[in-house]
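Here is a quick tour for someone meeting this protein for the first time. Have a look at the sequence and the structure, and then we'll walk through some of the parts.

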Amino acid sequence: GVADEITVTLHNKKVYKAKVIGRDPSSDIAVLKVDGTGLPYLLYGNSDNVKLGQWVLAVGYPLSLETTVTAGIISAKGRSIGINGRQSQTPIESFIQTDAAVNQGNSGGALITTEGQLIGINSAILAPSGTYAGYSFAIPVNLVKKIVNDLIKFGDVKRPYLGISADPAKIDAGDGA
């Protein structure tokens, strides 16, 4: 659900009331609006151009800490881990996988290049113990841009859906679907 009241606190401790413009459970993205001027921002990078082995930085507020920055490398692209299926019947997952340390509270934080360009939004970890165990996952910024623009313009996300499926038990590996 959506909270009755949402606040956004900046690094300088300034607090703003926020309004939900839209949310997309299929990708675990929401757009919030705050009224203010001179707010900080990041420049979009191009997540399609990230390379395996590329250094990245994960920024967030994990485990009730102040701002943290951790470094890691891109270890996979297009990764699906089945997490968005818990909140949507049509989950969208194509995560950037990195080994930058990400913990609870990092979700929604930036994954940036060493040049400071936003390439992803930290979203999930694979952690049997509930804390970082070596793998973290970010939503690619190119996907984020499309979802954010649709939420602002239409209030929901416009995506094509063919609506067919195949029964894996009736398909031989070489047949395709």
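## Before we start

Two residues are in contact here when they have heavy atoms within 4.5 Å of each other. Keep in mind that this is a predicted model.

Let's begin with helix 1, which covers residues 141-154. With 14 residues at 1.5 Å a residue, helix 1 should span 20 Å, and its end C-alpha atoms are 19 Å apart, so the two agree.

Which residues of helix 1 are buried? They are Val-141, Val-144, Ile-147, Val-148, Asp-150 and Leu-151. These buried residues pack against strand 2 (15-24), strand 3 (29-34), strand 4 (43-44), strand 9 (117-125) and strand 10 (136-140). Helix 1 lies across strand 2 and strand 3, and runs at about 55° to strand 3.

Now for an open sheet of 3 strands, in the order 1-2-3 and with antiparallel pairing. Its edge strands are strand 1 (6-9) and strand 3, each of which pairs on one side only. On average, and ignoring direction, neighbouring strands of this sheet are turned by 50° against each other. Strand 1 and strand 2 are joined by 4 bridges, and Thr-7 has Lys-17 in strand 2 as its bridge partner.

Most residues other than glycine have a negative phi. Lys-13, in the loop between strand 1 and strand 2, has a positive phi near 75°. Asp-28 sits in the loop between strand 2 and strand 3, and its phi is positive too, near 65°. With a relative accessible area of 41%, Asp-28 is partly exposed.

## Strand 5, face by face

In a regular strand the side chains alternate between the two faces of the sheet.

Which strands does strand 5 pair with? One is strand 6 (residues 68-79), in the antiparallel sense over 6 bridges, with Leu-57 opposite Ala-71. Another is strand 8 (residues 110-113), also antiparallel, over 3 bridges, and here Ala-58 stands opposite Leu-111.

## The loop at Gly-45

Gly-45 belongs to the loop between strand 4 and strand 5. Is Gly-45 buried or exposed? Its relative accessibility is 9%, so Gly-45 counts as buried, the cut-off being under 20%. Leaving out residues up to four places away in sequence, Gly-45 touches Gln-117, Leu-118, Ile-119, Val-141, Asn-142 and Lys-145. As for Phe-95, it is 50 residues from Gly-45 in sequence, and their C-alpha atoms are 15 Å apart in space.

## The largest pocket

How much space lies in the largest pocket? About 2000 Å³. The largest pocket is lined by 46 residues, and the closest to its centre are Val-8, Leu-32, Gly-108, Gly-109 and Ile-121.

Strand 1, strand 2, strand 3, strand 5, strand 8, strand 9 and helix 1 are the elements that each give two or more residues to the lining. Strand 3 provides the largest share of the lining, with 5 residues.

Note on methods:
Residues are numbered from 1 along each chain as its sequence is written. This is a predicted model: local features need pLDDT of at least 70, side-chain atom pairs count only at pLDDT 80 or more; totals for chains, interfaces and linings use all residues. Side-chain values use heavy atoms; hydrogens and water are left out. The expected span of a helix is 1.5 Å times one less than its number of residues. Buried means under 20% relative accessible area, exposed over 50%, partly exposed in between (1.4 Å probe, protein chains only). Two strands pair if DSSP finds at least two bridges between them. Axes are lines fitted to C-alpha atoms, for helices over the stretch in contact, and angles run from 0 to 180 degrees between N-to-C directions. On a 1 Å grid over the protein atoms alone, a cavity is a set of points where a 1.4 Å probe fits but cannot get out, and a pocket is an open set with protein on both sides within 12 Å along at least five of seven lines; lining residues have an atom within 4 Å of a point. Grid points are joined across faces, edges and corners, and a volume is the space filled by probe spheres set on the points.
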